[in-house]
Amino acid sequence: MNTIFLVALVIYLFIFIAISIIDTRSVKSFTDYAVAGRRQSTFAVTMTLLATVIGASTTIGITDTVYSIGFPGIWWLAFGAIGLILQSILISEKVRTTEAATLPDLAGITVCRAAEVLISLIIVISWIGVIAGQLVAMNSLVSFAIGRNDKILFIIMSIVIILYTLLGGQTSVVKTDKVQLVIIIAGIALCCGYLYLIKGGDTSGVAQNIELLNQSYRPSNLINQFFVIGGVYFLGPDIISRNFISKDKKAAKKAALIAGICLFIFSIMITLIGMWAKMNITPEELGESKTLMYIVGIIPKAISIPLIFGLLSAILSSTDTCLINASTIFAKDIAKKESVTAVRITVAVIGVLAAGLAILGNGDIMTLLTGAYSIYTPGVIFPLLIAILCYKKKRIRKPVWLLAVSLGGLFGIIGTYFSDWLISLKLPAQIMSNLTLIGMGASLIISILSIDFKSSIKTSEESKESVSE
């Protein structure tokens, strides 16, 4: 398997480098590089959106979660699907009409420059850890496939990811995402079909244990994940970046809706794989292995190789999107450099930083993502939603709005990184376990208070009508 995998890996990576080299010829402006020329069709946006949201956490991480807590592990992706559908219904068209290039740029347009910088800092700092986590997952997967941990191979693959993202920008990311999504779906579908239709085992136990809540997943977990996970899929930087590349507001709206429906179907497939493992693999057999990695080892090579490349594609498709978005945000929204060169330099710097963190640490992708989301969600989701809904309708009191973001983010930071300090304060367990939700509530209330309800902002058409009257 090692030789076959390595040959296939070389071909796989060569294709992506080739795509990025070809795309450098079509990159003639910052818009081409940062938002793929704003000319992507509904189909293209749907494909890249799904490739972005299906990553290490939603494949390897979900199967581990399902093995641990049962069928309720489906809620992570189910809430993601709900978030995308709500985005389509409520804000997709409004966001696209702003002509923003990044999510902080959206904050700058709808609120002020200070909002743009504040949200940029939250995203860039958090997302370096997320990129590192994706690279750790990539290394674990490749190490499993070749039977050893090879740092040289990890460095080579990291360089390739940085290189093809750096060369072609969003244009290359969109094209490689299409290829990666096909491989992802094929690998997961083949695995799920083989386990249930050919390998068999205790499949009746799966049907008997389909439940939405249990002792390991209570209503409080349901509420928490709805806001934290659903919120990121509703208004997260990587998700919204796919809105900006669409050719118009209708394409953005349709893509979010279709992707939400498809993601729900995918959530059922990946959850069924986790449930099969729970019913047929004992904890002693699994040991320290990742659930999906164990399954790779017990299925035929004809299925396991496509599955490995499907998982690798899932990781890379999320990694390159995070990398190009974080870099574009730093260059455009913090450094105020709308140039392809500036973003390319930032891609290289952030990519190297993330790879270095991945080599030095043993980050767990679910922990890193949950930590990043727990800071981003309470600080950004509700204030930005309020700003979008009020755009060109009501004025925002900027200092109050910035307080909402800062306070919400502070709750997330304390809950994520200062839990030991909170324990020493002997706060009630209910408060400690729900700091993210408390932060979201605080940011929602304060951001509503930031609205100047007495004000009204006339659109250009309304102004013309009033003048003619």
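1. Let's start with a word you'll need: a residue is buried when its relative accessible area is under 20%, exposed when it is over 50%, and partly exposed in between (1.4 Å probe, protein chains only). By that rule Lys332 is buried, at 5%, and so is Asp105, at 10%.

2. Some housekeeping. This is a predicted model, where local features need pLDDT of at least 70 and side-chain atom pairs count only at pLDDT 80 or more, while totals for chains, interfaces and linings use all residues. Residues are numbered from 1 along each chain as its sequence is written, and side-chain values use heavy atoms, with hydrogens and water left out.

3. Now the salt bridges (a side-chain nitrogen of Lys or Arg within 4 Å of a carboxyl oxygen of Asp or Glu). The structure has 12 of them. One joins Asp105 and Lys332, at 3.3 Å from N to O. Asp105 sits in helix 7 (residues 103-110) and Lys332 in helix 16, so this pair ties together parts 227 residues apart in sequence. Helices here are DSSP runs (H or I, at least four residues), numbered from the N terminus. Both residues also belong to a salt-bridge network with Asp333 and Glu338.

4. Have a look at Lys175 and Asp23 too: their side chains meet in a salt bridge of 2.7 Å, N to O. Lys175 is in helix 9 and Asp23 in helix 1 (residues 2-23), so parts 152 residues apart in sequence are tied together. Lys175 is partly exposed, at 38%, whereas Asp23 is buried, at 2%.

5. On to the nonpolar core (a set of buried Ala, Val, Leu, Ile, Met, Phe, Trp, Tyr and Cys residues joined through side-chain atoms within 4.5 Å). The largest one has 145 residues, and Met138 and Leu312 touch the most other members. Helix 8 gives this core its largest share, 18 residues. Apart from it lies another core, of 5 residues, including Trp75 and Phe79. In soluble globular proteins, nonpolar side chains tend to be buried together.

6. Which residues does Leu312 contact, leaving aside neighbours within four places in sequence? They are Leu9, Tyr12, Met138, Leu141, Val142 and Met157; contact means heavy atoms within 4.5 Å.

7. Last one: Ser327, in helix 16. Ser327 is buried, with 0% relative accessibility. A polar atom of its side chain lies 2.7 Å from the backbone oxygen of Leu323. Setting aside neighbours within four places in sequence, Ser327 is in contact with Val343, Thr346, Val347 and Ile350.

Key. Helices (H or I, at least four residues) and strands (E, at least two) are DSSP runs, numbered from the N terminus. A polar contact is a pair of N or O atoms within 3.5 Å; within protein, one must be able to donate a hydrogen and the other to accept it, and residues adjacent in sequence count only if both atoms are side-chain atoms.
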